[in-house]
Amino acid sequence: MNKENKEIISTVLLVFLPIILFFASFLMGRYPISPVDVVKTILSPILPQLYVSSTVSTIVWQIRLPRILAALLVGASLSMAGTAFQGIFKNPLVSSDLLGVSNGAGFGAALAILFSGSSVIIQIFAFIFGIISVSITYLISKAYKAGGILILVLSGVAISAFFNSLISAIKFIADPEDKLPEIVYWLMGSLASVTMDEIIMIIIPLFIGFLVLYLLRWQMNILAMGDEEAQSLGLNPSRIRLIIIAACTLLTSAAVSISGIIGWIGMIIPHMARMIVGPDNKILLPASLSLGASFLLLIDNISRVVISIEIPIGILTAIIGVPIFLYLLRRGYSEWS
Amino acid sequence: MVLDVKNISFSYDDELIFENISFSIGKGDVLCILGPNGTGKTTLIKCLNRIHDIDSGEILVEGKNIKDLSFAQISRHIGYIPQSHIPTFPFSVFDVVLMGRAPYLNLTETPKKEDEEIALNALKTLGIEDLKDKDYTNLSGGERQLVFLARILCQQPDILILDEPTSHLDFGNQIKLLEIIDNLAKSGLSIIMSSHFPDHAFLSSTKVAIMKDKSFIDFGKPDDVVTEENLKKAYSIDVKLIKIDDNRKVCVPLKTNLKLGDI
């Protein structure tokens with residue numbers, strides 16, 4: 001297959017895969033709905049004569065649509081953030097968990113569950129603590145004169161561990177009858193209870209995050225050449241990196257705040273996308289977005305259809321993600337030395 | 001003068017790296033900086049395009065103080081190839097060369113048709129068009145050096161700063177690269193490079209500096225500066241200068257009869 005054909009095929013695939021999965025996902029679930037009924041119900045707000053029944057309407061609009069949208073948005077956010085992080089830190093083992101975002105957000109959510117339980121407060125706390133943890137990581141790295149990427153990554157690891165132990169502390173004091181299971185379940189990651197209101201709440205932060213990363217897509221390539229070369233090409237590497245970290249944090253915190261912690265997506269999707277379209281972020285970022293959205297939606301469908309008890313999606317992404325990651329490594333990642 | 005360096009000094013974490021360095025270069029000059037390992041040639045070079053900020057003195061680029069220029073403004077005057085490059089992602093050669101257009105684009109802009117033409121021309125100038133679609137990570141040392149040269153040509157600067165451009169090249173490619181540098185200088189570019197080979201100073205340079213003990217011990221024309229006496233001072237070994245045909249000089253380091261144990 002020549003290069004141009006390959007490009008056309010991968011473009012078509014990446015554009016249509018999430019769209020096809022989006023419609024197919026309405027058919028998945030305990031209550032069987034025919035494709036015709038799904039299409040009719042989706043069109044019914046415009047054409048009321050197509051209305052099927054209130055049961056079908058409730059399932060499509062209030063149960064399946066929010067969940068499908070959540071899977072697409074969370075998958076896209078975590079994957080784009082992972083791609084950007086891997087690019088600017090020049091490291092394949094990096095994902096949005098790196099700078100403490102996930103554990104910080106997890107702590108925020110655990111705290112909110114402990115004291116309140118309202119989903120809006122959980123979301124706000126997860127979001128705020130995600131941002132706080134990255135800020136601490138960043139400030140610590142700035143406090144060392146040598147600075148640089150390594151210090152930033154190491155302080156991220158430390159801050160992650162710190163928030164992880166705070167999470168354990170909260171689990172320890174949480175009421176084992178009701179609060180503890182809720183915290184544990186939230187930390188495992190799930191899209192089962194996402195509502196339309198929650199999705200609306202994260203639309204703006206996600207849009208800002210996507211937009212910033214997309215606008216900086218070409219400059220991200222230059223940053224991957226190393227800071228000194230980037231500076232000699234007229235960029236201000238630390239400033240651009242800060243903007244990209246901020247955008248990734250926004251994406252990750254917003255995603256985590258509705259879904260809980262879903263690992264591995266941000267790690268494996270960038271690798272898969274890079275194998276399909278190459279390392280140029282101009283194409284790679286949109287490709288990761290599409291691939292990540294499709295992947296999480298697919299896994300969420302598996303989680304609610306294939307097995308009779310619903311498994312938290314965070315567990316499934318790890319079970320499926322780890323072998324894929326190892327396979328990708330085996331495929332010969334010549335560029336990572 | 002294209003670049004005026006006046007009495008600059010630089011310390012890294014309170015350790016003085018160099019001081020009292022002054023020189024200037026004009027259009028078409030090739031300055032070769034010689035000196036033993038660890039004298040701070042690389043640090044000096046990084047001060048010239050403000051990767052490091054000097055502690056005192058001033059650097060004037062086309063008469064403008066470098067401290068008053070933004071990174072983008074500096075990058076339109078000065079192109080830079082570091083001594084070593086650690087590749088991460090297998091970008092295509094064309095994409096790497098195209099990065100040379102960054103100084104002329106806004107933070108959120110991507111290269112346009114004109115930029116792509118300039119990149120293509122840079123590849124043509126160096127005769128490496130056929131590498132265009134290859135991954136730059138899979139090239140030989142010589143090819144990769146040409147790709148980086150194409151990138152700085154694409155940057156359209158007045159000054160090229162090359163940190164030991166020949167250090168990863170084989171015997172033949174070293175000479176070819178020096179000839180390319182010579183040609184670029186004749187087309188009006190000013191070039192500053194560091195080197196470990198005093199011979200290189202005779203091959204393409206119009207000016208030579210010898211750096212030792214935190215400063216220049218000599219600066220001037222190759223014939224005046226690259227002498228047996230200066231080379232002995234710089235490298236602490238005896239060196240013989242030999243004239244070969246067409247008046248070209250070569251430097252031959254003499255054996256020191258070193259024995260293990262008395263190093």
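## A hairpin in chain B

Strands S1(B) and S2(B) form a hairpin with 2 residues between them, and B:Asp13 in the turn has a positive phi of about 50°. Helices (H or I, at least four residues) and strands (E, at least two) are DSSP runs, numbered from the N terminus. Strand S1 of chain B covers residues 3-12 and strand S2 of chain B covers residues 15-25. The two pair in the antiparallel sense over 7 bridges, where pairing requires that DSSP finds at least two bridges between two strands. One pair of bridge partners is B:Leu3 and, in S2(B), B:Ile25.

S1(B) also pairs with strand S4 (residues 56-61) of chain B. These strands run antiparallel and are joined by 5 bridges. Here B:Ser9 has B:Ser56 in S4(B) as its bridge partner.

## About the model

This is a predicted model, in which local features need pLDDT of at least 70 and side-chain atom pairs count only at pLDDT 80 or more, while totals for chains, interfaces and linings use all residues. Residues are numbered from 1 along each chain as its sequence is written, and chains are lettered from A and ligands numbered from 1 in the order in which they are written.

## The six-strand sheet of chain B

Chain B also holds an open sheet of 6 strands with mixed pairing. The strand order is S6-S7-S8-S3-S9-S10. Strand S6 (78-81) and strand S10 (215-220) of chain B are the edge strands, each pairing on one side only. From one strand to the next, the twist averages 15°; angles run from 0 to 180 degrees between N-to-C directions, and axes are lines fitted to C-alpha atoms, for helices over the stretch in contact.

Strand S3 (residues 30-34) and strand S8 (residues 190-194) of chain B run parallel and are joined by 4 bridges. B:Ile33 has B:Ser194 in S8(B) as its bridge partner.

## Chain B as a whole

Chain B contains 9 helices and 12 strands. Its C-alpha trace spans about 60 × 40 × 40 Å along the principal axes.

Of the 263 residues in chain B, 41% are buried. A residue is buried if 20 or more other C-beta atoms lie within 10 Å of its own, exposed if 12 or fewer, and partly exposed in between, with C-beta atoms placed from the backbone. Among the contacts in chain B with a separation of 6 or more, 64% are between residues 24 or more positions apart; a contact requires C-beta atoms, placed from the backbone, within 7 Å.

## Chain A as a whole

Chain A has 14 helices and 0 strands. Along the principal axes, the C-alpha trace of chain A spans about 65 × 60 × 35 Å. For its 337 residues a compact globule would have a radius of gyration near 20 Å, and chain A agrees with 20 Å.

Buried residues account for 47% of the 337 residues of chain A. Of the contacts in chain A between residues at least 6 apart in sequence, 75% join residues at least 24 apart.

## Two packed helices in chain A

Helix H2 (residues 35-43) and helix H3 (residues 54-89) of chain A pack with their axes 10 Å apart, at an angle of about 75°. H2(A) is therefore roughly perpendicular to H3(A). Angles of 65 to 115 degrees count as roughly perpendicular, under 35 as roughly parallel, over 145 as roughly antiparallel, and the rest as oblique.

H2(A) brings A:Asp37, A:Val38, A:Thr41 and A:Ile42 to meet A:Val56, A:Ser57 and A:Val60 in H3(A). By class, this contact has 4 nonpolar, 2 polar and 1 charged residues. Ala, Val, Leu, Ile, Met, Phe, Trp, Tyr, Cys and Pro count as nonpolar, Asp, Glu, Lys and Arg as charged, and the others, Gly among them, as polar.

## The surroundings of A:Phe129

A:Phe129 lies in helix H5 (residues 119-143) of chain A. This residue counts as buried because 27 C-beta neighbours lie inside 10 Å. Not counting residues up to four places away in sequence, A:Phe129 touches A:Gly104, A:Ala105, A:Phe107 and A:Gly108. A:Phe163 is 34 residues away from A:Phe129 along the chain, and their C-alpha atoms are separated by 9.6 Å.

## Where the chains meet

The contact between the chains takes 22 residues from chain A and 23 residues from chain B. On the side of chain A that touches chain B, helix H9 (217-223) and helix H10 (227-232) of chain A each supply at least two residues. The residues on that side of chain A divide into 9 nonpolar, 7 polar and 6 charged.

Technical notes
Two residues are in contact if their C-beta atoms, placed from the backbone, lie within 7 Å. The radius of gyration is taken over C-alpha atoms; the globule rule is 2.2 Å times the number of residues to the power 0.38.
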